[in-house]
Amino acid sequence: MKTAHYIRYSSDQQTRGASLQSQLDALRRASDQHGETVTKLYIDQAESGTTTRRSEYQQMLADAAAGFFQRIRCESLDRSHRDVMAWKQFEHDMQRLGVDIVFNDESPGMTDDSRSFMRDIKAALAADEIRRTSQRTYARQKTRIERGHRYGGAAPYGLAFDGTGYKPNPDTYPILLWILEQRGLGMGYLRITRLLNTAQTPYGRPDTPGMLQWIAKPTQERVDPTTGAIIDVVKPQPTNIWNMSTIRHICRQAIDGIYAGQLQWGREHNRTNKVSDGQAKTVLKVALPSGPLIPTDLIERVRVAEFAIPNYALNARGIFLMKLHCGECGLLIHGNTSGTHRKGKRYYYRIYACNGRGAYAGQCTMPRVRAYRLEGAVVKAVVQYATAQHAAFDQQLTAAADRTRATLVHGIEALERQRAVVQAEFTSLTQRVLHHALTASLVQAINAQAEALEAKLATMDDQRTTLTRAIETLDEQARSLRAAFFDGMLTTRILAQLDDPTVIERLRNPITKLVKHAELRRVDGELRVALTMRTVAFCENEQDTDKGSWLLLAQSLPGMPRCLRRD
């Protein structure tokens, strides 16, 4: 029978380890014992079993559909899949194609039903093992970071690791300072990128961070699929072209990251967003013992440039994370930064323009609008609306909390009634076992039923605890939600503070929650921004819930259009 061998290992360290060689030897011995003809060998090297986006795995699926073999042999199920849904889909596809799946660690005398049952259990255990491994790794790395240890990976651009901490890299540190100096002078990401790519710098055309990593290690160890020998494979060479995202990342790290003496870890995590005790994973911020790695005055100049000239085009969400639509073509309106020279000085200004003017030239005739006029009008409309709706908001919030409290109390009462019925049934079963002479099989059946009832009682107790805790935290949630909108920010005094980046940052939350839809219209030669506001409403339908929240910003009310005159 034509057979394909599939091998996977999850890290480069296993290339020369026992994982690869043991799988190769075991698969060859098993095929020899069963008289199989090995026609294909697929080796996914340094690939995770939690995803099916593996090159050799996908090639195996294509070859199976083409009929190149009738059997797939693998060492164990966790070598092929560590996700239950992916395994079930793979099993279904192979059954449809008439391809057998054989694992070396399975007993040959098992029935088809027993084999399918055991495979499902092994797939679930493999997925659970990955989840637990992820949680252990997160906890271990978190402890290392809290103690000030380096967590691995390539050193940031311009720096080197000397075994105890980061220090300037003499080859790239001057280039890093030059990039930050240009940003501190107000130069945009695109301009800095062009200067680097066209060698218009004091250092010529420097290599990108990705290119430097490739030069340091251009090859990686892989296994030759035909001979099984370990060979060095050249990694794909980077394009060595500077991108705006690289410059933006360096500048952000200069104001709140590694260059500013702040080590941040845990922004991204895989598998699960919770640790083993159920708490949510959080971002760790640890101050480096060495302090800032670049001059502090340069940090402040970059900070001013980052906040004073926000790059709305990269944000791609309009004013304060709010989507603004064009009333003529329906496309989004984004902000962008432009510059001009006057009397030998460089000046920057921000405008808002419809995507129909740039991406689809000639499709839209909506004129450009100065940012300070548009943003000021939006904030003023939101402030007036919030001030007028303060009493209604507070009243509706209180009413929603009361309705929620009544619902929770009703749920507890219904749960108590159900628990009483289950408890009575459990007591009856216990009395039957104690006071009646029953056969062993009947006693066993009653005990199983009693265990099921006992588990159901425990589940009900957990549900009652959850409902009770929800009632206890209801008032605190109401206070938090009230403070999110009316903490002193949405007042007329805010209109004179829109140039302060900290004020803009604090406005993001209330404006995003209060404004449901915004549209820029042209009426009788004037530009008007029409806002559709939100109000707090009790979440009646389960499909309308927002991540389990007991309150939903749902009911829309017409806003107050504000007039905008053209320059």
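In strand S2, isoleucine 43 is the bridge partner of isoleucine 7. The model is a predicted one. Eight bridges hold S1 and S2 (residues 37-45) together, and the pairing is parallel. On S3, alanine 4 has isoleucine 72 as its bridge partner. Threonine 3 stands opposite arginine 71, also in S3. S1 and S3 (residues 71-74) run parallel and are joined by four bridges.

These strands belong to an open sheet of four, ordered S2-S1-S3-S4, with parallel pairing. S2 and S4 (100-103) are the edge strands, each pairing on one side only. On average, neighbouring strands of the sheet are turned by 20° against each other, direction ignored. S1 spans residues 2-9 and is mostly covered. Seven of its eight residues are buried.

## Helices on the sheet

Which strands does helix H2 touch? H2 (residues 55-66) packs on the sheet and touches S1, S2 and S3. The direction of H2 makes about 150° with that of S2. Helix H4 (residues 84-97) lies across S3 and S4. The angle of H4 to S4 is about 130°.

## The H4-H5 contact

H4 also packs against H5, at an angle of about 145°. Their axes are 9 Å apart. H4 contributes Val84, Trp87, Lys88 and Glu91 to the contact. H5 contributes Ser116, Arg119, Asp120, Ala123, Ala124 and Ala127. By class, the residues of this contact divide into five nonpolar, one polar and four charged.

## Aromatic pairs

How many aromatic pairs does the structure hold? The structure holds seven. One of them joins tyrosine 42 and phenylalanine 69 in an edge-to-face arrangement. The centres of these rings are 6.2 Å apart, with 65° between the planes. Tyrosine 42 sits in strand S2, and phenylalanine 69 in the loop between H2 and S3. The pair links distant parts of the chain, 27 residues apart. Are these two residues buried or exposed? Tyrosine 42 and phenylalanine 69 are both buried.

Tryptophan 87 and phenylalanine 103 form another aromatic pair, this one tilted. Here the distance is 5.9 Å centre to centre, and the planes make 55°. Tryptophan 87 lies in helix H4 and phenylalanine 103 in strand S4, so the pair ties together parts that are 16 residues apart in sequence. Buried means under 20% relative accessible area. Tryptophan 87 has 0% relative accessibility, so tryptophan 87 counts as buried. Phenylalanine 103 has a relative accessible area of 3%, and therefore is buried as well. Tryptophan 87 and phenylalanine 103 also belong to one aromatic cluster, formed by Tyr6, Tyr57, Trp87, Phe90 and Phe103.

## The nonpolar cores

The largest nonpolar core has 34 residues. Which of its members touch the most others? They are Ile179, Leu180 and Tyr259. H6 supplies the largest share, six residues.

What does leucine 180 touch, not counting residues up to four places away in sequence? Leucine 180 touches Ile250, Cys251, Ala254, Ile294, Leu298 and Val302. Another core lies apart from the largest one. This other core has 25 residues, among them Val382, Val383, Tyr385 and Leu531.

## The chain overall

The chain has 567 residues, and 35% of them are buried. Its secondary structure comes to 17 helices and 18 strands. Among contacts with a separation of 6 or more, 64% are between residues 24 or more positions apart.

Methods: Residues numbered from 1 in each chain as written. Predicted model: local features only at pLDDT ≥ 70, side-chain atom pairs only at ≥ 80, totals over all residues. Heavy atoms only, no water. Core = buried A, V, L, I, M, F, W, Y, C linked by side-chain atoms within 4.5 Å. Buried < 20%, exposed > 50% of the residue type's maximum accessible area, 1.4 Å probe, protein only. Helix = DSSP H or I, 4+ residues; strand = E, 2+ residues; numbered from the N terminus. Contact = heavy atoms within 4.5 Å. Pairing = 2+ DSSP bridges. Axes fitted to C-alpha atoms, helices over the stretch in contact; angles between N-to-C directions. Nonpolar A, V, L, I, M, F, W, Y, C, P; charged D, E, K, R; others polar. Phe/Tyr/Trp six-rings, centres within 6.5 Å; stacked < 30°, edge-to-face > 60°.
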